[in-house]
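This report describes a protein chain for a reader who is new to structural description. Please keep the sequence and the model in view while reading.

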Amino acid sequence: MTRRINVGSVPVGGGSPVTVQSMTTTKTADHEATLAQIYALAGAGADIVRCTCNDEGAAEGLARLVPRSPVPIVADIHFQYRLALAALEAGVACLRLNPGNIRNPAHIKTVAAEALDRGVPIRIGVNAGSLDPDIEERYGLTPEALVASAQRELAYFDEVGFRDVKISVKASNVPLMVDAYRMLAEVIDAPLHLGVTEAGPPPAGLIKATAGIATLLLDGIGDTIRYSLTADPVEEARAGRQLLEALGLRERKNVDLIACPSCGRAEVDVIAVAAKAQEAFETRKLPIQVAIMGCVVNGPGEARSADLGIAAGRHRGHLFIRGKVVRVVPEDEMVDALIDEAEKLVAEGVEARLAAADAGAEAEAEADRRALLEDKGDDANASEAKVELIRRTVET
Ligand code: SF4
C-alpha cells in the first residue's frame, strides 16, 4: 500500500483507483491548441495531463490554460529549475522533475520548499536514458541504478520535509523497467507512476508498454500509468483506459468489443463486421460487452457471457442477449441492429430487452443452426477432405 497524494482533485495512491495520464504534443505557449488537445485526451480517458514547461512562453501558456482545463495539469521540467518555480506560479497541480538533469541539490530543495508552501506534489521522474553519470558509472544501466537515482532525489526532498511525491523509474527495456519498479516498491511507500519510456509507434509500442505496465499492475504495483507512444496522444489515453478496464481496475465506460477470430465456419467477413462495429461504438459511451461471432453454430453459445452479441448464419444475423436469441435480421443490417440494441440495452436493462424479444426468434435461429450443421457437418474447415486428397496425391 502506498501513501496517497492529490494531484489537484485526483487522488493518486493509497488504494485510490489507478489513473491514466498522457502528455500534450502541442507547444504549451499555444495555450488554445494545447487546451484543445487536453480536452481530447480527457475525452479519451486521461485523468491527468502533462504539458512541457520548457521556456517562459510555455509557463505563460500554463497560466492561461490551467484554470480552463478539465483535468489537473502536470508541468514537465527539464534542466531549468526556475521554470519549475514559474509553473508553480502558473497554478499547475503537480511538477515532474527529472533527477538526471536538475542536479544541483540547492535548486531541487528550492523547488521542493516552494511546492511545499503551495501544497503541490512532485513526481520524481527517473529515466534510464538520463541517469546521473556517477550513478550510472557505479551501477551500470541496472534496476539498482534507477532505484538509487530515485532515492538520492527523495533524500533531498526529505531534507526540506517534502513528502508529497510520486515516483517513476522508466526504461524502454521492459524487463529492466519491471525489475526497477519491483525493487522500488520494496523500499518506498510513495505512489508509483508506471511507464515504459519511448515505447515507440503502435502496435509494437502498445505491446511493450502493456507488457511492462500490466505485469506490474497484476503484481499490485502502480498507482498511475502512462503509455509513451509515438502516436497521437489520444491513443495513449485510450490505451491506458482500456488496459485498466481490461484488468478490472476501472469501471467500464465504453463497449468491450469481443469477436471470434473467424475460421472455416464463418458465414460472414468477421474482420470487416468487427471493424465497422468498432468504429460505430467508438464515440458511444456504452459500458457493456458486445460479441461478434462468425457463425451461429458456435457463436451464441461461446459468447453467452457477453451482454449482447450477433452471430452470422445463412445470410442473416442472430442477435442475442446473454446467449438468448432475441431477433434475426438480414446480414447487411447486422451492425445497425447491434448498435440499436446496445443503446436500448443500456437504457432499458437486460430484463426489459429480453421481454421485448421477437417471438419465434429462438426457433428461427435454431433452424438456421441445424441447417448449417447439416450442410457443413463437424468439419467446416474441410480438413478431413484435404487430408484424403493429400493421401491420394502422394499415392499416385
Ligand atoms: S466456429 Fe464460428 S464462432 Fe467460432 S471461430 Fe469459427 S466462425 Fe467464429
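The sections below treat the chain as a whole, the packing of its helices, the ligand surroundings and several individual residues.

## Basis of the description

The structure is a predicted model, in which local features need pLDDT of at least 70 and side-chain atom pairs count only at pLDDT 80 or more, whereas totals for chains, interfaces and linings use all residues. Residues are numbered from 1 along each chain as its sequence is written.

## The chain as a whole

The chain contains 15 helices and 15 strands. Helices (H or I, at least four residues) and strands (E, at least two) are DSSP runs, numbered from the N terminus. Taken along the principal axes, the C-alpha atoms occupy a box of roughly 80 × 55 × 35 Å.

Of the 396 residues, 46% count as buried. A residue is buried if 20 or more other C-beta atoms lie within 10 Å of its own, exposed if 12 or fewer, and partly exposed in between, with C-beta atoms placed from the backbone. Two residues are in contact if their C-beta atoms, placed from the backbone, lie within 7 Å. Among contacts in the chain with a separation of 6 or more, 65% are accounted for by residues 24 or more positions apart.

Two packed helices are described by the angle between their axes and the distance between the axes. Axes are lines fitted to C-alpha atoms, for helices over the stretch in contact, and angles run from 0 to 180 degrees between N-to-C directions. Angles under 35 degrees count as roughly parallel, over 145 as roughly antiparallel, 65 to 115 as roughly perpendicular and the rest as oblique. A crossing is left-handed if the near helix is turned anticlockwise from the far one by less than a right angle, and right-handed if clockwise.

Helix α1 (residues 31–44) packs against α2 at an angle of about 55°, with the axes 9 Å apart; the two are therefore oblique to each other. Their crossing is right-handed. In this contact, His31, Thr34 and Leu35 of α1 meet Gly61, Arg64 and Leu65 of α2. By class, these are two nonpolar, three polar and one charged residues. Here Ala, Val, Leu, Ile, Met, Phe, Trp, Tyr, Cys and Pro count as nonpolar, Asp, Glu, Lys and Arg as charged, and the others, Gly among them, as polar.

Helix α2 (residues 56–65) also packs with helix α3 (residues 81–90), at an angle of about 20° and with the axes 8 Å apart. These helices are therefore roughly parallel to each other, and their crossing is right-handed. Glu56, Ala59, Leu62 and Ala63 of α2 make the contact with Leu83, Ala86, Ala87 and Ala90 of α3. The contact residues comprise seven nonpolar, no polar and one charged.

## Packing of helices α3 and α4

The axes of α3 and helix α4 (residues 105–118) come within 9 Å and cross at roughly 5°, and the two helices are therefore roughly parallel. From α3, the contact involves Tyr81, Ala84, Leu85 and Leu88, and from α4 it involves His107, Thr110, Val111, Glu114, Ala115 and Arg118. By class, there are six nonpolar, two polar and two charged residues.

## Surroundings of the ligand

There are 13 residues around the ligand, of which Cys260, Cys263, Ala266, Gly294 and Cys295 come nearest. A residue is near a molecule or strand if its C-beta atom, placed from the backbone, lies within 6 Å of it. The shell is made up of seven nonpolar, four polar and two charged residues.

## Individual residues

The peptide bond from Pro202 to Pro203 is cis, with omega near 0°. Pro203 belongs to the loop between β9 (193–194) and α8 (204–218).

His315, in the loop between β13 (308–313) and β14 (316–321), has a phi near 65°, a positive value in a residue other than glycine. His315 is exposed, because 11 other C-beta atoms lie within 10 Å. Arg322 lies in the loop between β14 and β15, and its phi is near 45°, again a positive value in a residue other than glycine. With 16 C-beta neighbours inside 10 Å, Arg322 is partly exposed.

Val346 is part of helix α12 (residues 334–348) and is partly exposed, with 17 C-beta neighbours inside 10 Å. Not counting residues up to four places away in sequence, Val346 touches Leu286 and Ile288. Val346 and Leu286 are 60 residues apart in sequence, and their C-alpha atoms are 6.7 Å apart in space.
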